[in-house]
Amino acid sequence: MAGRDVPGRPEGCDAYLEGYARILADASATGRRLSRDELASRRALGEQAAETGVALRALVGAHLAATRAHWPTGSGASVDDVLSAVAQAVDAFAEGYERAQRHAVRQEEAARREFIDDLLYGRSDLGRLAQRAERYGLRLSYEHAVAVARGPAAYDEGDPVLREVERALIGRFGDRSVLLTTKDGRLVCVAPGDQGDVLAHFAKQAFAATGGGQVAIGRPHAGPAGVVQSYEEALNALDLAERLELDEPVLRAADLLVYPVLTRDRQAMADLVENALGPLRRARGGAQPLLDTLTAYFDSGCVRAEAARRLSLSVRAFTYRLERIHQLTGADPSDPVHRYSLQTAVIGARLLDWPAKPL
């Protein structure tokens, strides 16, 4: 059977039809089903064909051409018997072909996931990592920035949310050496550092696709280690937003640099919080209500009416709280000289989760 020139058969398929004519004749003669070994041989040939890249459509056409060329005659085989044998053989062949394809996809997915893990955590040899990155369109010798989006659910590579964002990016920018993936349930976009419009569009699309999720964008940095640094900056920005209750849809690490500076010396920050705000513990109800008062006051630009509205208080009640803070701490929130220390201490309290957690 192999090597014969059958009219209408696509070229390059003969090797994957080995034994087909014999199986067709034997099974059709009695109307029996193909044996386990015969089916296994068809599956094995299907796997081989998939691994060499021959199109399944061409292979099915080759089977049909071979069926016409070797239609059993003189054996009393009915048309139904012949077609039944053809259907079983082609089905087993396609099963093997698809199984090989699924295996190849799983291998590719595993390799991509391993690369992403190494890229974002910097766990691989930098030279080898840069070589692997070219396969995914990244040139790590250049600057890159990373954006991370979180939503109400955890997302993975097969999630329709990721596909939706990916279609929007490709439709707008085409192929711009952008890597879009997921990590720890979040959407992640790695883009060249000089293409801020890509990350801005990613943020817009991710916000919409996740139903109002929050996006953080790290600063551009050069080299493979720069991707790790930008990714960590984006994660830290999301963490800060959660701890400080920042509700902006897009956070830029460059705009939040003051917070890492404030927390770099934790003991110094704890001392400031204790000295500036510790006396609030003596208030009726503890420190938290007065700390919330200061937070609303500073977040509203020190406008008492707006701060009172945020806390559902009258302006008179809010003013009383400010006076009580002044009495307990000796610092007047409305005095520019005292305001900076108090506001810094309030930020520190939120970062350190005080007074819920002891200093």
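Me: Which residue in E3 is the bridge partner of histidine 144?
Reply: Proline 192 in E3 is the bridge partner of histidine 144. Keep in mind that we're reading a predicted model here.

Me: Okay, and how many bridges join strand E1 to E3, and which way do they run?
Reply: Six bridges join E1 (residues 143–150) to E3, and the two strands run antiparallel. You can pick out another pair as well: alanine 149 has leucine 187 of E3 as its bridge partner.

Me: What should I know about side chains when I look along a strand?
Reply: The general idea is that side chains in a regular strand alternate between the two faces of the sheet. Now for the neighbours of E1 in this model. Strand E4 (residues 214–217) pairs with E1 in the antiparallel sense over four bridges, with alanine 216 of E4 as the partner of valine 148. Strand E5 (residues 221–222) also pairs antiparallel with E1, over two bridges. There, glutamate 143 has alanine 222 as its bridge partner.

Me: Is E1 mostly covered or mostly open?
Reply: Mostly covered: of the eight residues in E1, six are buried.

Me: How many of the residues of E3 are buried?
Reply: Six of the seven residues of E3 (residues 186–192) are buried, so the strand is largely enclosed by the rest of the structure. The cut-off behind that word is a relative accessible area under 20%.

Me: Which strand forms a hairpin with E3?
Reply: That's E2, with two residues between the strands. E2 (residues 179–183) and E3 run antiparallel and are joined by five bridges.

Me: What is the phi of aspartate 184?
Reply: Its phi is near 55°, a positive value in a residue other than glycine. Aspartate 184 sits in the loop between E2 and E3.

Me: Why does aspartate 184 count as exposed?
Reply: Exposed means over 50% relative accessible area. Aspartate 184 has 53% relative accessibility, so it counts as exposed.

Me: Let's switch to helices. What describes two packed helices?
Reply: You describe them by the angle between their axes and the distance between those axes. In this model, take helix H11 (residues 288–299) and helix H14 (residues 336–352): their axes come within 10 Å and cross at roughly 115°. The crossing of H11 and H14 is left-handed.

Me: Which residues of H11 and H14 meet?
Reply: From H11, look for Leu291, Leu294, Thr295, Phe298 and Asp299. They meet Arg339, Leu342, Gln343, Val346, Ala349 and Arg350 in H14. Sorted by class, this contact has six nonpolar, two polar and three charged residues.

Me: Is threonine 344 buried or exposed?
Reply: Threonine 344 has 10% relative accessibility, so it counts as buried. You'll find this residue in helix H14.

Me: Which residues does threonine 344 touch?
Reply: Leaving out residues up to four places away in sequence, threonine 344 touches Leu262, Met269 and Leu272. There's also a polar atom of its side chain that lies 2.8 Å from the backbone oxygen of tyrosine 340.

Me: Where is aspartate 353?
Reply: Aspartate 353 is in the segment after H14. Its phi is near 60°, again a positive value in a residue other than glycine. With 35% relative accessibility, aspartate 353 counts as partly exposed.

Me: Which residues does a cis peptide bond join?
Reply: Tryptophan 354 and proline 355, with omega about 10°. Proline 355 is found in the segment after H14.

Me: One last stop: where does glycine 137 lie?
Reply: Glycine 137 is in the loop between helix H5 (126–135) and E1. At 27% relative accessibility, glycine 137 counts as partly exposed. If you'd like a distance to check, the C-alpha atoms of glycine 137 and leucine 45 are separated by 34 Å. Those two residues are 92 residues apart along the chain.

Note on methods
Residues are numbered from 1 along each chain as its sequence is written. This is a predicted model: local features need pLDDT of at least 70, side-chain atom pairs count only at pLDDT 80 or more; totals for chains, interfaces and linings use all residues. Side-chain values use heavy atoms; hydrogens and water are left out. Axes are lines fitted to C-alpha atoms, for helices over the stretch in contact, and angles run from 0 to 180 degrees between N-to-C directions. A crossing is left-handed if the near helix is turned anticlockwise from the far one by less than a right angle, and right-handed if clockwise. Contact means heavy atoms within 4.5 Å. Ala, Val, Leu, Ile, Met, Phe, Trp, Tyr, Cys and Pro count as nonpolar, Asp, Glu, Lys and Arg as charged, and the others, Gly among them, as polar. Buried means under 20% relative accessible area, exposed over 50%, partly exposed in between (1.4 Å probe, protein chains only). Two strands pair if DSSP finds at least two bridges between them. A polar contact is a pair of N or O atoms within 3.5 Å; within protein, one must be able to donate a hydrogen and the other to accept it, and residues adjacent in sequence count only if both atoms are side-chain atoms.
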